[in-house]
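Please have the sequence and the 3D view at hand while reading.

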Amino acid sequence: MEARLIAAAALAWGATAVSALGYVFSNSVVVLGDFLHGVTDALGITLAVLVAWLVARDPGGVFTYGYHRAESLAIFTNAVTILFGSIYVAYEAALRFFKGVEIDPLWMLYSSSAALILSVGSAVLLKGRSEANLKAAYLHALADSLTSIIALASAASIILAGIPLIDAVLGLGISAYLFSRALPLFESSLLSLLDASPINPEALKKEIGLHVHDMHIWSPCPDFKIATLHIVVPENYTLTELEEIRKRVEHTLRSRGINHVTIQFESGHCSNSHRH
């Protein structure tokens, strides 16, 4: 496991700890949103680091496809955490409209400034990674920086305008932002965990243009797609002809992002006996 990835996770947790301290002393719902967003981002980065280590391991034992599914599980866990966190931030922000709450904008400034520096440091360490989960972690760090900037703007507005309600309004905005980010991640990771096909099988059959049946496509993680299919061919086809068909079909599937392909040929008279 790379030291820079561990350092990125450590900085993310440091930003989260600073935001937690800031919320305790400032009583700001925006800082609360920054803290909850930081928790999800730190968790996401930590899970991404662990998943990167797992995925890099060679398949073995009962894990014949490797540990790719761990990535979808990590994304799903993070998405659920963000969804619940965003709902809680909205609840806290809504309460501020009905009861006055004293806010310390100076503590907002202190904690948000420190959290911003740590989040930017984490993003710098994650920048340039090609793995899908680490790209997501990089975006998490950037988004955490954004919420810290919003907290800084909220603190400055309260100091200059003296209107604490700004905190509640921006808190609702952060809640909506968190929810909108989490929902697509939740949907895509849930579909992956349920082995839903990432590509329309019927459209792919038409693209292949052969007698294809029992086609199954699934994606254990965003970067790894698997397809298995049966192709019915005339009984008199030679091995050379079958090899040409295999190469053409594999090329079609790989052009659609499918990494692992298994093809079973069947002669016309036995095609129905293998359906399942």
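## Salt bridges and helix packing

The count comes to seven salt bridges, where a salt bridge is a side-chain nitrogen of Lys or Arg within 4 Å of a carboxyl oxygen of Asp or Glu. The model is predicted: local features need pLDDT of at least 70 and side-chain atom pairs count only at pLDDT 80 or more, while totals for chains, interfaces and linings use all residues. Residues are numbered from 1 along each chain as its sequence is written, and side-chain values use heavy atoms, with hydrogens and water left out.

The table lists salt bridges, including these:

| Pair | N to O distance |
|---|---|
| Glu92 and Arg96 | 3.9 Å |
| Asp167 and Arg96 | 3.7 Å |
| Glu202 and Lys205 | 3.5 Å |

Glu202 and Lys205 both lie in helix H7 (residues 201-208), three residues apart, about one turn of the helix. Helices here are DSSP runs (H or I, at least four residues) numbered from the N terminus. Glu202 is partly exposed because its relative accessibility is 48%, and Lys205 is also partly exposed, at 21%. The cut-offs are under 20% relative accessible area for buried, over 50% for exposed, and in between for partly exposed, with a 1.4 Å probe and protein chains only.

Glu92 and Arg96 are both in helix H3, four residues apart. Glu92 is buried, with a relative accessible area of 13%, and Arg96 is buried at 10%. Asp167, in helix H6, is 71 residues from Arg96, and this pair links distant parts of the chain. Asp167 is buried, as is Arg96. Salt bridges with shared partners join Glu92, Arg96 and Asp167 into one network.

How do the helices themselves lie? Two packed helices are described by the angle and the distance between their axes. The axes of H3 (residues 69-96) and H6 come within 7 Å and cross at roughly 155°. H3 is therefore roughly antiparallel to H6, a label for angles over 145 degrees. Axes are lines fitted to C-alpha atoms, for helices over the stretch in contact, and angles run from 0 to 180 degrees between N-to-C directions.

Leu165 is in helix H6 (residues 165-193). Leu165 is partly exposed, at 39% relative accessibility. A nonpolar surface patch consists of Phe97, Phe98, Ile163, Leu165, Val169 and Leu172, with about 580 Å² of accessible area together. Such a patch takes residues with over 30% relative accessible area and no salt bridge, nonpolar side chains being joined within 5 Å.

Note on methods:
Patch = residues over 30% accessible without salt bridge, like charges linked within 9 Å, V, L, I, M, F, W, Y side chains within 5 Å. Areas by Shrake-Rupley, 256 points an atom, 1.4 Å probe, with all protein chains shown as cover. Helix = DSSP H or I, 4+ residues; strand = E, 2+ residues; numbered from the N terminus. Parallel < 35°, antiparallel > 145°, perpendicular 65-115°, else oblique.
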